[in-house]
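Please consider the following note on the model shown below. The points are numbered so that each can be checked separately.

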There are 2 protein chains.
Amino acid sequence: MTHQALIKHINQFLFQPMRAEEEKAVADRFIRKAYRKRQYVLQAGDLSSRNTFVVEGCFRVFVADPNGKEHNLQFAVENGWIVDMGSLYKEEPSEMNIEALEDSTVLQIERKGLYELYDGFPVFNRYFRILAENAYIASQKRLIRSLGFTAEARYLDFIARYPHLLNRISDAKIASFLGMTPEFLSKLRRNFNK
Amino acid sequence: MTHQALIKHINQFLFQPMRAEEEKAVADRFIRKAYRKRQYVLQAGDLSSRNTFVVEGCFRVFVADPNGKEHNLQFAVENGWIVDMGSLYKEEPSEMNIEALEDSTVLQIERKGLYELYDGFPVFNRYFRILAENAYIASQKRLIRSLGFTAEARYLDFIARYPHLLNRISDAKIASFLGMTPEFLSKLRRNFNK
DNA sequence: AAATAACCTTAACCCAGGTTAAGATCCTGC
DNA sequence: GCAGGATCTTAACCTGGGTTAAGGTTATTT
């Protein structure tokens with residue numbers, strides 16, 4: 001069945017299987033959708049009205065700063081979620097862009113459907129609580145590294161933490177994620193080889 | 001009653017009043033505690049076993065980077081929460097320090113009590129979901145500013161966003177929160193006066 | 001298989017913000 | 001009420017990482 005990956009992911013985070021009616025509530029509200037490489041899931045300025053679970057493929061979330069320079073905030077692969085949570089919940093225009101980096105398949109739920117899950121089935125408040133807590137913990141760790149680590153330390157940390165992304169995502173995009181230019185990343189790598 | 005501020009805060013985020021038994025569950029598990037100015041709620045390396053709600057006073061959350069330099073991650077005043085969520089939930093030694101900046105009063109709950117709330121009363125999964133989502137949204141906004149904004153833009157943004165903190169927290173601590181040195185903040189402020 | 005676009009590297013030069021140090025002002029506890 | 005600590009400012013000098021520009025390599029697309 002088409003929603004298996006998501007249901008499995010939810011069960012893992014809950015440490016117990018959902019009941020049949022809860023599984024059905026998921027299956028009724030999440031819609032499968034395909035994106036081609038370079039296609040946008042969300043553009044800055046638009047309203048984000050959906051939450052998106054990655055079944056297969058790879059995405060990046062990025063913002064443009066006041067000079068128009070891009071900064072990658074997050075990459076998501078299989079079993080990850082991509083959303084501008086601020087835009088989704090506060091119903092404000094998105095600051096973020098979300099772009100497919102590969103041909104990809106996702107499951108999407110509308111804001112309305114998400115609220116139906118929260119109101120009808122307590123289990124989803126628990127699941128998304130845990131998810132938001134993990135996202136917050138990860139975001140704080142990133143902030144700590146961006147405040148106190150040198151460019152070199154951030155790069156080494158990235159290699160150790162996300163080895164599976166190294167061959168899947170271009171260096172320029174990783175450099176942007178790490179808060180440095182591709183030129184500087186190239187200089188760093190050259191120094192390691194000596 | 002001593003838990004009123006917290007109960008009111010929860011009700012606000014739920015958009016509806018809790019039932020009596022839920023209020024009681026809160027009152028039974030949160031313990032009032034006082035901290036003196038400069039006293040630590042949590043030290044890096046210790047295990048964080050509690051979540052803390054600020055009834056009155058002011059705190060900072062900070063980390064030390066590899067060179068021993070401090071970085072303020074968050075300030076919390078009345079109705080704010082302070083916690084190293086990573087340490088609390090993953091039961092790992094804390095990276096963070098939490099220090100009272102004024103004589104303060106808080107309400108604290110032990111990890112065990114918190115899990116009892118989650119398991120016994122769905123409403124708390126909803127409340128803490130919303131809280132975690134808001135924290136994540138705020139943390140992402142901070143990251144965006146730290147990646148793409150100049151020191152001056154970050155300072156102006158801070159003034160606009162947290163005017164009430166300006167007279168309550170020292171410039172050096174604000175500078176650290178904004179990712180710059182107090183000397184540089186001083187230089188910025190001098191330029192504005194011309 | 002050529003054309004085009006995306007990607008990576010190198011190198012010279014540059015700058016926002018850090019560092020160091022010294023003096024001035026404001027607490028705060030005893 | 002004053003001594004020792006925080007706190008804020010100024011100024012000279014320094015550096016990690018950015019900018020610009022050019023050439024080389026590797027994927028896509030047709």
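**Note on the helix pair, the DNA surfaces and a sheet**

1. Helices α5(A) and α5(B) are roughly parallel to each other, because their axes meet the criterion for that term (angles under 35 degrees count as roughly parallel, over 145 as roughly antiparallel, 65 to 115 as roughly perpendicular and the rest as oblique). The model is predicted: local features need pLDDT of at least 70 and side-chain atom pairs pLDDT 80 or more, while totals for chains, interfaces and linings use all residues. Residues are numbered from 1 along each chain as its sequence is written, chains are lettered from A and ligands numbered from 1 in the order in which they are written, and side-chain values use heavy atoms, without hydrogens and water.

2. The two α5 helices, residues 122-148 in chain A and residues 122-148 in chain B, pack at an angle of about 25° with their axes 8 Å apart. Axes are lines fitted to C-alpha atoms, for helices over the stretch in contact, and angles run from 0 to 180 degrees between N-to-C directions. The contact of α5(A) with α5(B) comprises 14 nonpolar, 8 polar and 8 charged residues. Ala, Val, Leu, Ile, Met, Phe, Trp, Tyr, Cys and Pro count as nonpolar, Asp, Glu, Lys and Arg as charged, and the others, Gly among them, as polar.

3. DNA strand D is surrounded by 19 residues, and the closest are A:Lys69, A:Ala151, B:Ala172, B:Arg189 and B:Arg190 (a residue is near a strand if one of its heavy atoms lies within 4 Å of it). By class, this surface has 4 nonpolar, 5 polar and 10 charged residues. Of the atoms of DNA strand D within 4 Å of the protein, 76% belong to sugar or phosphate and the rest to bases.

4. A backbone N or O atom of A:Ala151 lies 3.1 Å from one. Two or more residues of the surface come from each of α6 (151-161) and α9 (182-192) of chain A and α8 (171-177) and α9 (182-192) of chain B. The largest share, 4 residues, is that of α9(B). Helices (H or I, at least four residues) and strands (E, at least two) are DSSP runs, numbered from the N terminus.

5. Around DNA strand C there are 19 residues, of which A:Ala172, A:Arg189, A:Arg190, B:Lys69 and B:Ala151 come nearest. The class counts for this surface are 4 nonpolar, 5 polar and 10 charged residues. Here α9(A) gives the largest share, 4 residues.

6. For phosphate oxygens of DNA strand C, a polar side-chain atom of B:Lys69 lies 2.9 Å away, and one of A:Arg189 lies 3.0 Å away. B:Thr181 uses a backbone N or O atom, at 3.3 Å.

7. In chain B, 4 strands form an open antiparallel sheet in the order β1-β8-β3-β6. Its edge strands, β1 (31-35) and β6 (81-82), each pair on one side only. Two strands pair if DSSP finds at least two bridges between them; 6 bridges join β3 (residues 50-56) to β8 (residues 104-110) of chain B. Across this pairing, B:Asn51 stands opposite B:Ile109.

Notes
A polar contact is a pair of N or O atoms within 3.5 Å; within protein, one must be able to donate a hydrogen and the other to accept it, and residues adjacent in sequence count only if both atoms are side-chain atoms.
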